[in-house]
Amino acid sequence: MSGQTAFDKLWAAHAISTDADGSTLLLIDRVFLHERTGAVALESLATAGRPILAPEQAFCTMDHIVDTTLGRSDDTRMPSGGEFIRATRKAALAAGIRLFDLDDPLQGIVHVISPELGIALPGLTVVCPDSHTCTQGALGALAFGIGSSEAEHALATRCLRLQKPRNMRVAFHGALAPGVSAKDMILHLISQHGADGGRGHVVEFSGTAVQNLGMEGRMTLCNMAVEFGAFSGLVAPDDTTIKYVQGRPYAPRGPAWETAVAAWRHLRSDDDAAFDQQIDIDAGSIAPTITWGTSPQHAVAIDQPVPDPASEQDPARTSAMQRALTYMGLTPGTDLRGLPIDAAFIGSCTNSRLSDLRSAAEVLQGRRVAPGVRAICVPGSMSVKRAAEAEGLDTVFRAAGFEWREAGCSMCFFAGGESMGYRERVVSTTNRNFESRQGPETRTHLASPATVAASAVLGRLGAAAEVLRA
Amino acid sequence: MTPFTVHTGVAAPLLRENVDTDAIIPSREMRTTGKSGLAPGLFAGWRYQDQSTRTPNPDFILNRPEYHDCSILLAGSNFGCGSSREHAVWALKEFGIRCIIAPSFGAIFANNCVRNGLLPLPLPAQEIAELADRVAQDPQHHRLQIDLKSATLTMAGECSRPISVDSTTRRMLLEGLDAIGLTLQSTDSVQAFITEDRRQRPWAYIAHDSNR
Ligand code: SF4
């Protein structure tokens with residue numbers, strides 16, 4: 001018999017019972033809610049008279065709808081946003097779960113604060129009614145997004161019923177070239193294997209290039225596992241993980257810490273573990289990557305021309321590409337590096353942590369955003385914001401002409417409030433370039449923090465090397 | 001929950017791949033904390049020519065008179081990818097959609113469908129394209145019938161073909177089961193598991209009195 005993968009081990013440790021048809025009752029260790037989808041779940045449970053079984057293991061944050069401007073209040077730019085905020089606060093209070101409210105010094109984007117506070121840990125199952133919950137798999141947790149009904153299910157029963165996903169390994173061999181980051185790795189993967197390349201699988205990211213990433217880079221990688229269509233992504237815990245977790249507010253301490261570390265050491269795939277699918281990538285071959293279309297799979301190395309739909313075999317794909325080109329206002333063969341931009345956005349659960357801000361600041365240091373470009377930086381959490389300010393990053397961003405905001409999802413998505421402009425071209429560190437995601441018919445190009453910072457300076461799409469060389 | 005047993009209805013082809021939940025229900029259409037009032041926002045970005053006045057886009061498939069009363073969508077691969085918002089399913093349901101046929105689905109979306117009594121039915125892309133062609137000839141008469149009991153799909157006046165739906169989904173839908181209620185029946189075994197698990201993984205449990 002072959003060995004087990006890290007995911008197999010996680011699954012086995014949480015499987016309460018499995019029916020003949022493979023449907024498994026799985027123990028859920030943490031539930032995180034946010035004000036966008038949280039109130040509806042909590043209210044619906046309350047209406048049904050179903051109590052929350054373990055309120056001490058449930059958490060809630062305000063991140064999606066809150067404004068990120070200084071002096072923000074319950075009354076948001078998004079019409080009716082205040083209704084969501086007040087309803088969530090009321091419901092969280094009534095349910096007795098810890099809420100990271102607007103004015104909480106620990107407030108921030110759920111997938112940033114959960115690891116930051118040690119709420120997500122290696123070896124846990126973590127769910128949230130939010131598709132980017134897979135971000136937290138970076139810790140070696142089984143973390144996945146669910147709908148509101150399933151959030152109710154997990155809160156009321158501490159369980160979910162699931163069919164076991166399959167195992168996939170994506171190995172990034174060797175070292176990354178200088179200036180290439182986790183964001184480029186994941187965009188590259190999706191561009192090569194499609195937005196549903198990971199369908200039905202839990203993807204374990206491994207290989208030297210992944211081992212060499214810090215925890216924050218691993219979070220960026222796992223963040224977009226869902227854009228790869230995967231059930232979730234994870235990185236097996238190692239010394240980097242354990243060092244990261246130690247001492248965080250909700251992390252175990254004392255004897256429990258020792259037991260935990262011992263358990264986490266076993267949470268790696270056995271040498272003879274069998275994966276249903278394996279993808280091998282030479283990390284050294286990855287260049288700074290950017291999207292040109294309206295799906296994360298529409299990505300190319302930034303020095304490559306916009307692809308021609310005619311070169312695509314699959315008719316569905318060809319027509320999607322044509323649609324995307326029209327939407328983005330592009331023609332095949334165009335050099336992306338010549339495209340003027342209207343705005344640059346640094347933030348979101350993909351790239352808003354300290355290391356992301358540092359990498360952008362490195363490019364911005366002593367430089368200015370090009371005239372006519374609106375540039376915004378939104379730290380992922382208030383803790384990230386304070387840490388960045390402590391090392392003077394805010395000064396770099398401000399001096400360059402960036403807005404420096406309070407923590408939240410901000411313009412990662414358009415909910416009717418603040419947004420990027422009509423048909424504006426935006427270069428963004430976020431994870432979705434869907435039609436109208438960042439504003440009415442806004443044209444989004446996804447890229448790494450370094451590429452976004454460089455493009456802001458250049459006033460057009462461009463890689464950091466172009467700026468640093470100058 | 002409304003059970004899904006046999007459903008017959010007008011099918012509309014929307015064969016784009018990667019139709020995401022932002023497209024199904026844009027964020028700006030999710031105005032209240034509830035689950036209702038979402039149908040007018042369904043596919044809003046495509047369905048209306050002018051968002052503010054809600055002037056219908058006559059070209060959009062669901063606005064065309066021949067697809068009036070459509071309750072089945074024929075879709076492209078990876079339908080419902082993206083955001084986990086269950087509002088996408090609530091909007092589809094309120095609009096009257098009962099079944100979506102696609103080569104593949106976003107995983108969270110498919111699960112949300114089942115929790116709300118909608119059937120996400122996987123079929124090979126080729127078969128969907130053929131169905132779409134036949135439907136387009138006369139949508140109101142070339143209706144589709146999905147019989148979950150006998151696991152068959154039939155186009156009006158033609159012979160049936162078998163469909164494959166995993167047994168848990170099938171049971172949940174046929175019986176209109178409430179997933180939470182079902183799990184609560186296993187409370188004893190869950191409690192026993194947790195008691196043992198607490199011994200094995202004390203570090204996984206946050207103390208009641210922790211005040212962090
Ligand atoms: S930052 Fe964007 S992708 Fe991440 S949780 Fe917020 S809205 Fe979703």
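Author: This is a predicted model, and the count over all chains comes to 14 aromatic pairs. One of them joins Phe59(A) and Tyr250(A).

Reader: Why is the pair of Phe59(A) and Tyr250(A) called edge-to-face?

Author: The centres are 5.2 Å apart, and rings pair within 6.5 Å. The planes stand at 80 degrees; over 60 counts as edge-to-face, so the label applies.

Reader: What makes this pair a tie between parts that are 191 residues apart in sequence?

Author: Phe59(A) lies in strand 4 (residues 58-61) of chain A, whereas Tyr250(A) is in the loop between helix 9 (239-245) and helix 10 (254-265) of that chain, so the pair ties these parts together.

Reader: Are Phe59(A) and Tyr250(A) buried or exposed?

Author: Relative accessible area is 1% for Phe59(A) and 7% for Tyr250(A). Buried means under 20%, so both residues are buried.

Reader: Why is the pair of Phe43(B) and Trp46(B) called stacked?

Author: Their centres lie 5.9 Å apart, with 10 degrees between the planes. Planes under 30 degrees apart count as stacked, so the pair is given that label. Phe43(B) is buried at 0% relative accessible area, and Trp46(B) is buried at 13%.

Reader: Which residue lies over the face of Trp46(B)?

Author: Arg16(B) does, at 4.0 Å from the ring centre; the distance limit is 6 Å. In chain A, Arg36(A) lies over the face of Phe84(A), at 5.3 Å from the ring centre.

Note on methods
Residues numbered from 1 in each chain as written. Chains lettered and ligands numbered in written order. Predicted model: local features only at pLDDT ≥ 70, side-chain atom pairs only at ≥ 80, totals over all residues. Heavy atoms only, no water. Phe/Tyr/Trp six-rings, centres within 6.5 Å; stacked < 30°, edge-to-face > 60°. Helix = DSSP H or I, 4+ residues; strand = E, 2+ residues; numbered from the N terminus. Buried < 20%, exposed > 50% of the residue type's maximum accessible area, 1.4 Å probe, protein only. Lys NZ or Arg CZ within 6 Å of the ring centre and 35° of its normal.
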